[in-house]
Amino acid sequence: MKKNISSLKFRLWCRDNGYSAQYIADVLHIQRGTVYSYWAGRTAVPDGYKKELEIKLGLPIYETFYNLELK
């Protein structure tokens, strides 16, 4: 359940901030399909990528990936 909530929160954060899957893929130097896998909850976002998104885009990683409450 934790993975599904965090993937939903990640997807919504990207949408609310105007970041497309392609943009996230370009920032992380990965394929766009991998970002879709993160958003769908099929694959967990690696910790290194979480930190990179926090530094480069201001993603609140604790709130997005570790807090189980939907806000």
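Which residues are exposed on the other side of helix α4? In this predicted model, Asp47 and Ile55 take that position. The helix itself spans residues 47-57, and its buried residues are Lys50, Leu53 and Leu57. Viewed along the axis of α4, these buried residues fall within an arc of 75° and therefore line one face of the helix.

Asp47 has a relative accessible area of 54% and is exposed, whereas Lys50, at 10%, is buried.

In total, five salt bridges are present in the structure. One of them joins Glu63 to Lys9, with the closest N and O atoms 3.8 Å apart. Because Glu63 belongs to helix α5 (residues 61-66) and Lys9 to helix α1 (residues 2-16), this pair ties together parts that are 54 residues apart in sequence. Glu63 is partly exposed, its relative accessible area being 26%, while Lys9 is buried at 11% relative accessibility.

A further salt bridge is formed between Asp16 and Arg15, whose closest N and O atoms lie 2.9 Å apart. Here Asp16 is exposed, with a relative accessible area of 55%, and Arg15 is likewise exposed, at 57% relative accessibility.

Note on methods:
Residues are numbered from 1 along each chain as its sequence is written. This is a predicted model: local features need pLDDT of at least 70, side-chain atom pairs count only at pLDDT 80 or more; totals for chains, interfaces and linings use all residues. Side-chain values use heavy atoms; hydrogens and water are left out. Buried means under 20% relative accessible area, exposed over 50%, partly exposed in between (1.4 Å probe, protein chains only). Helices (H or I, at least four residues) and strands (E, at least two) are DSSP runs, numbered from the N terminus. The arc is that of the directions from the helix axis to the C-beta atoms. A salt bridge is a side-chain nitrogen of Lys or Arg within 4 Å of a carboxyl oxygen of Asp or Glu.
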